[in-house]
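Visitor: Could you walk me through this one while I have it open? I'll ask as we go along.

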Amino acid sequence: MIYRFTIISDEVDDFVREIQIDPEATFLDFHETIVKSVGYTNDQMTSFFICDDDWEKEKEVTLEEMDDNPEMDSWVMKETPISELVEDEKQKLLYVFDYMTERCFFIELSEIITGKEMTGAKCTKKSGDAPKQTVDFEEMAAAGGSLDLDENFYGDQDFDMEDFDQEGFDIGGDAGGSFEE
């Protein structure tokens, strides 16, 4: 059996990569094939996310062991075969290649080829140039680009500056008073 994944980017319209891979290969093999197919260096922190049909992240496969969020299951690329987390055609994944800005590739398992075998992984289709691997904030600002640092940048869409205590978090009471439980 062979998995054929299609990879696209929301930054470059004509960018497409197709990777064929043995389902028993690891996510590390998949990562290395992607990096090679787009000409990126292999020195950045990356992750795969297994997603639902609406691209919502469900499971993370990290390059290195990280226990930063105990509420979210995580797997390590070199220890996790692709078939452990990906079984069905049309399965969606994100491949985050720039952690600082959460830039990623959108990946879909476009076909499961039965009756054929392969070892490892290979890029079988290359179209368009990949987006830059990392974004230099000074370079972006100098070019007149926007970092889109609006009120939603920190992740809380319901945050309202009017709710912020202008007195420096003084919640009431005197500063030298006692605290009662």
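Guide: Strand 1, residues 2-9, is mostly covered, with six of its eight residues buried, where buried means under 20% relative accessible area, exposed means over 50% and partly exposed lies in between, using a 1.4 Å probe and protein chains only. Helices (H or I, at least four residues) and strands (E, at least two) are DSSP runs numbered from the N terminus. The model is a predicted one, in which local features need pLDDT of at least 70 and side-chain atom pairs count only at pLDDT 80 or more, while totals for chains, interfaces and linings use all residues. Residues are numbered from 1 along each chain as its sequence is written, and side-chain values use heavy atoms, with hydrogens and water left out.

Visitor: Which strand does strand 1 pair with over eight bridges?

Guide: That is strand 7, residues 103-113, and the pairing is antiparallel; two strands pair if DSSP finds at least two bridges between them. Within this pairing, Thr-6 stands opposite Glu-108 of strand 7.

Visitor: And how many bridges join strand 1 to strand 2?

Guide: Six, with strand 2 covering residues 16-21 and running antiparallel to strand 1. Ile-8 is the residue that faces Val-16 in strand 2, and the two strands are connected by a hairpin of six residues.

Visitor: Ok, zooming out, what is the order of elements along the protein chain?

Guide: Reading from the N terminus, the order is β-β-α-β-β-β-α-β-β-β-α, which amounts to three helices and eight strands. The protein chain has 181 residues, of which 35% count as buried. Taking contacts (heavy atoms within 4.5 Å) with a separation of 6 or more, 62% are between residues 24 or more positions apart.

Visitor: Back to strand 7 then. Is Leu-109 buried or exposed?

Guide: Leu-109, which lies in strand 7, counts as buried because its relative accessible area is 0%. If neighbours within four places in sequence are left aside, Leu-109 is in contact with Tyr-3, Arg-4, Phe-5, Val-86, Asp-88, Glu-89, Lys-90 and Gln-91. The C-alpha atoms of Leu-109 and Ile-19 are 9.5 Å apart, although the two residues are 90 residues apart in sequence.

Visitor: You mentioned Lys-90 there; what is its phi?

Guide: Lys-90 has a positive phi of about 75 degrees, although it is not a glycine. Lys-90 sits in the loop between helix 2 and strand 6, and with a relative accessible area of 46% it is partly exposed.

Visitor: Which loop holds Glu-102?

Guide: Glu-102 belongs to the loop between strand 6 and strand 7. Its phi is also positive, at about 60 degrees, and Glu-102 is not a glycine; its relative accessible area of 46% makes it partly exposed.

Visitor: What lines the second largest pocket?

Guide: Glu-102 is one of the lining residues, together with Asp-10, Glu-11, Trp-55, Lys-57, Leu-94, Val-96, Arg-103, Cys-104 and Phe-106. On a 1 Å grid over the protein atoms alone, a pocket is an open set of points where a 1.4 Å probe fits, with protein on both sides within 12 Å along at least five of seven lines, and lining residues have an atom within 4 Å of a point. The largest share of this lining, three residues, comes from strand 7, and both strand 6 (92-98) and strand 7 supply at least two residues each. The volume of the second largest pocket is about 170 Å³.

Visitor: Now helix 2. What does the side chain of Ser-83 make a polar contact with?

Guide: The partner is the side chain of Glu-24, at 2.9 Å, a polar contact being a pair of N or O atoms within 3.5 Å where, within protein, one must be able to donate a hydrogen and the other to accept it, and where residues adjacent in sequence count only if both atoms are side-chain atoms. Ser-83 lies in helix 2, residues 82-85, and is classed as buried because its relative accessibility is 19%. Apart from residues up to four places away in sequence, Ser-83 touches Tyr-3, Pro-23 and Glu-24.

Visitor: Last one: where is Met-118?

Guide: Met-118 is in the loop between strand 7 and strand 8 (121-127), and it is buried at a relative accessible area of 16%. Residues up to four places away not counted, Met-118 touches Ile-2, Gln-20, Ile-21 and Asp-22; its C-alpha atom is separated by 7.1 Å from that of Ile-21, which is 97 residues away along the chain.

Notes
Points joined across faces, edges and corners; volume = space filled by probe spheres on them.
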